[in-house]
Amino acid sequence: MEKYISLPLKEEDIRSLKAGDMVFLSGELYTARDAAHKRIYEAIQSNQNLKIPLDGITLYYMGPSPARPGKVIGSAGPTTASRMDKYTPTLLNLGLKGMIGKGKRSMEVKQAMIKNKAVYFAAIGGAGALLSQAIKSVVIVEYEDLGTEAIRKLEVENFPVIVVIDSDGTDLYDNYNGEMK
Amino acid sequence: MRDDENKVRQIELTEVTKLIKEMCIEANHFLSKDVEDSICEAKEKEESILGKQILSQICENMQIAGKEMIPICQDTGMAVVFLEIGQDIHFTGGLLEKAVNEGVRQGYEEGFLRKSVVSDPLIRNNTNDNTPAIIHSEIVEGRNLKIIVAPKGFGSENMSKIFMLKPSDGIDGVKNAVLTTVRDAGPNACPPIVVGVGIGGTFEKCAILSKKALLRNLGERADNKNINELEKELLEKVNQLGIGPGGLGGSTTALAVNIETFATHIAGLPVAINICCHVNRHSTRTI
């Protein structure tokens with residue numbers, strides 16, 4: 001099913017999104033990948049304040065290529081989500097509601113998603129030029145020294161994703177795991 | 001003495017730097033024709049509707065990349081550079097390794113490519129210029145210099161594996177190693193993938209062979225008849241896994257299985273599987 005959803009995700013939207021839905025997201029996303037996750041996690045562990053509000057947001061696992069003059073961003077496709085798995089349950093417990101990446105998630109992440117009612121979307125890996133067209137503005141909000149891994153706030157319009165794991169824990173990838181049927 | 005001097009060809013290293021720079025930019029914006037054709041062909045043949053849609057978005061992505069000069073993928077890779085150096089060449093004006101790295105530095109800066117390299121694998125500070133490159137050089141006959149620049153993304157690199165099989169594992173062991181690796185890679189490696197396989201040699205030799213296998217034209221099968229057949233059989237089996245484009249199901253899991261082999265030890269059967277996403281980038285120049 002095709003759905004047009006605005007961000008931040010609302011509770012009823014999260015409930016209605018099912019694994020396999022094709023979704024066009026519009027609104028605010030935050031980027032974070034390996035190094036930013038590590039810093040967020042360490043900040044949480046040591047009770048420091050975070051500059052980004054985790055509650056209710058959607059994270060995009062993405063580190064863009066530099067923008068050419070006159071463009072808002074360079075190539076901007078998803079990175080492999082499983083590298084964030086170590087940190088994700090903690091973030092979900094603090095209110096993270098949506099994640100965009102590519103590839104499988106751990107059992108711990110799925111359980112934390114069910115418990116906290118969150119959604120994991122996949123964007124098409126390796127389609128960074130195409131996906132960049134849906135990004136309308138970019139602001140660096142935290143960890144600027146990390147370069148491409150800094151946390152950015154993005155404004156997106158009809159950003160194309162597919163629900164892979166829904167808030168009931170149904171995982172679309174389970175259907176195509178390479179086991180002979 | 002004079003004859004030898006006449007034979008030696010001088011290559012100014014600034015020329016190498018300039019070429020590497022151009023090739024880094026080219027490889028990240030334009031796929032070689034064989035890869036592009038292979039993806040478009042897969043789009044026609046794909047059986048899953050969603051798979052077809054994903055392949056068509058991958059094609060559209062390539063067009064946008066070339067037209068707007070936006071890298072095909074934001075992971076513009078670690079620069080892997082293969083050099084085939086004719087033994088009658090003499091490089092002037094510095095050190096070859098420095099010249100290659102300078103080309104990578106300039107290419108990644110001027111081409112607005114992502115800097116994805118950290119100087120120390122544990123401390124992890126970004127070098128901010130995407131150097132150092134991984135350089136493989138080989139001395140060959142003649143006076144030509146062949147350069148291949150293959151920026152390698154790590155979503156797929158991370159899903160690659162090496163197996164030190166026993167001789168008794170034989171060809172079935174090799175097939176099993178390839179299928180297990182592709183199955184474990186699943187959606188993570190951005191399918192449709194290209195599977196580079198190295199068989200034989202030593203631990204490191206088979207890994208380099210598997211990387212080299214990724215550089216071969218996708219439509220070109222191995223010269224050796226047995227290996228040629230193994231490539232075809234494995235491609236068919238890989239595509240029967242049903243992982244499909246984006247890992248969301250379909251008949252196109254891989255575009256090609258390319259295998260390179262080398263002599264090995266009586267006690268061993270090393271197999272390396274280097275996975276590459278559909279953004280199978282390489283740019284080649286010979287001077």
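Start by selecting Lys71(A) and Glu68(B): they form a salt bridge, with the closest N and O atoms 2.6 Å apart. The rule asks for a side-chain nitrogen of Lys or Arg within 4 Å of a carboxyl oxygen of Asp or Glu, and across the interface of chain B and chain A it finds one such bridge.

A word on the ground rules: this is a predicted model, in which local features need pLDDT of at least 70 and side-chain atom pairs count only at pLDDT 80 or more, while totals for chains, interfaces and linings use all residues. Residues are numbered from 1 along each chain as its sequence is written, chains are lettered from A and ligands numbered from 1 in the order in which they are written, and side-chain values use heavy atoms, with hydrogens and water left out.

Next, colour the polar contacts between the chains: 16 residue pairs, both partners at pLDDT 80 or more. A polar contact here is a pair of N or O atoms within 3.5 Å, one able to donate a hydrogen and the other to accept it; residues adjacent in sequence count only if both atoms are side-chain atoms.

Helices are DSSP runs of H or I with at least four residues, strands are runs of E with at least two, and both are numbered from the N terminus.

Now show everything in contact (heavy atoms within 4.5 Å): 40 residues of chain B meet 40 residues of chain A. In chain B, pick out Gln74(B), Phe112(B) and Leu248(B), which lose the most area to chain A, together 22% of what that side buries. Between them the chains bury about 3,200 Å², 60% of it on carbon and sulfur atoms; that is accessible area (1.4 Å probe) lost on putting the two together, summed over both.

Last stop: the open four-stranded sheet of chain B, ordered β4-β2-β5-β10 with mixed pairing. Strands pair if DSSP finds at least two bridges between them. β4 (134-140) and β10 (283-286) of chain B each have a single partner strand, so one side of each lacks a neighbour in the sheet. Zoom in on β5 (145-152) of chain B, which is joined to β10(B) by four bridges and runs antiparallel to it. Ile148(B) has Thr284(B) as its bridge partner in β10(B).
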